Amino acid sequence: MKKSLLSILRLAGAVLALAAWLLAPAQAAAAKRPNIVFIIMDDCGWRDWGAYGSTWVKTPNIDRIAGEGVRFTNAFTTNPKCSPCRATILTGRNTWQLEEATCHNGIFPNKFAVYPDMLEKAGYAVGFVGKGWGPGDFKAGGWTRNPAGPLFGDFSTNERLANGISKNDYAKNFEAMLKSRQPGQPFCFWLGFHEPHRSYELNSGVRLGKNLKEIAVPPYLPDLTAVRSDLADYAIEVESCDLYIGRVMKMLEATGELDHTLVMITSDHGMPFPYVKGQIHEDGFHLPLVARWPATIKPGRVVDDFVSATDFAPTFLEMAGVARHAQMIGKSLMPIFRSGQSGQIDPSRDAMIVAKERHDIGRPNNWGYPVRAIRTKEFLYVRNFFPDRWPAGNPETDYGNVDPSPTKEIVKAIGGYYYDLSLGKRPAEELYRLTNDPSGVNNLAGDPAFAAKIRELSERMFTQLRAEQDPRALGNGAIFDTYKYVGGRAKGYETWLKKQEEKAKAAVKVGKGGNAES
């Protein structure tokens, strides 16, 4: 009896040992923390991927990620300019809560925690390729490296679709990041394209086969051949990013990491055209956003919840099992990822507040153009605090908050409606009913029928801004104009004044010379 019991116990022990051995790989896989690849384009419009319906910009690799994951229809930046948006992404804070980092080309204070540092301390390999946080001065803010992490940028290439595209070999530099980690170490990598930021190779779109008749010209731009060609050149740069994304996906697949990796792709704001980049208009702050993570995200989903760039950092931290920093106000997207549903998932995600202060210089005293706005499913309400200022920058400094381009020159030359939209002064309040005016060009703020709606949206917006200690909403907005601008001074108003002084002196000198001869 004792021998029989002993045999049974030995057999049971053997079975348990075998079961443990068989389950070990599955348990190890379950315990392994997911990887994160965050991909951000520079100046890409939300409508300009195939996944969002574009037929004239070809993005098969992005479309694959959207189809195998989730596409968000209402993703937004808190500030439609490069460095302010990227600061929001890294910190999980709204732009008006970031002091100097609220302004473009400013200083990034290291008092604000960023998710790459937090993940690195938790054992993740981190790094970035291309454009991280910037432009601006992070060293003056106390950082020893870019807030996006250590830079991987040793490899360059001359094989580019067009001459305006960066020589950065994003794929090889991404591969170097992958190889830099320890065996089995989880990673969180930032791939920041410099495209489709200007400048472009003129007529590269036509050279590479774009049919200008197929270009979709938005209603805020004049439908002229030169504008279509400019848009085609832009499309080539977006497509260049997509090609690199395809190469990165193949690398992840070859290393066996693809299905254990969240791949998230977005942009920092809209395309570099008048009325868009740097402007508080629908296509300026609305972002494309797709994500693939087979372990958690059911494929083929389309989500309508409002998502902010502040939500990215809390999402990455929750994925890694790291507690969200107390400074972060964004909400993790993990509940949405896990839900398996499409449409509206969280009813509370129904509005977005956006803002800007100083972007590019070019006004007297290099003042900014402060704006706050609230976007709901139906409306966009905009409050311009200084309607006497030029929103795109002063005419004499060439509207410096609009990037140089053929389209900009056309808008300046033809004047009238398109000039007023993009470069002219704006009223103190704007209201757009996006359900019937999706590009937001018909301002309803002067219509008495919408007075109650304006009051409602204004009250909702300022209540939240005051609760979040926005200096502008609390009456201390002048603080934003005291923050240092660290970029070049070519667009500066004082630079223009100096040129006028030099011209005046030269004219006086010529005049005196003429009198002497007579």
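**Ground rules.** Residues are numbered from 1 along each chain as its sequence is written, and side-chain values use heavy atoms, with hydrogens and water left out. Since the model is predicted, local features need pLDDT of at least 70 and side-chain atom pairs count only at pLDDT 80 or more, while totals for chains, interfaces and linings use all residues.

**Overall fold.** I looked up the secondary structure and got 14 helices and 13 strands for the protein chain (DSSP runs numbered from the N terminus: helices are H or I, at least four residues; strands are E, at least two). The C-alpha trace spans about 130 × 55 × 50 Å along its principal axes. Of the 518 residues, 56% count as buried (under 20% relative accessible area; exposed is over 50%, partly exposed in between; 1.4 Å probe, protein chains only). I also checked contacts (heavy atoms within 4.5 Å): among those with a separation of 6 or more, 73% are between residues 24 or more positions apart.

**Cysteines.** How many disulfides are there? I count zero, a disulfide being a pair of cysteine sulfur atoms within 2.5 Å. Cys 44 is in none, and the nearest cysteine sulfur, that of Cys 241, is 7.1 Å away. Cys 44 is buried at 0% relative accessibility.

**Glu 237.** I found Glu 237 in helix 7 (residues 225-254). Glu 237 is buried yet has no salt bridge (a side-chain nitrogen of Lys or Arg within 4 Å of a carboxyl oxygen of Asp or Glu). Arg 160, the nearest side chain of opposite charge, is 7.9 Å away. Beyond four places in sequence, Glu 237 touches residues including Glu 195, His 197 and Tyr 200.

**Arg 349.** Arg 349 sits in the loop between helix 10 (334-339) and strand 10 (351-356), and counts as buried at 6%. What does its side chain reach? The backbone oxygen of Phe 306, at 3.0 Å. A 2.8 Å polar contact joins the side chains of Arg 349 and Asp 311 (N or O atoms within 3.5 Å; within protein, one must be able to donate a hydrogen and the other to accept it, and residues adjacent in sequence count only if both atoms are side-chain atoms).

How values were computed: Lys and Arg count as positive and Asp and Glu as negative; His and the chain ends are not counted.
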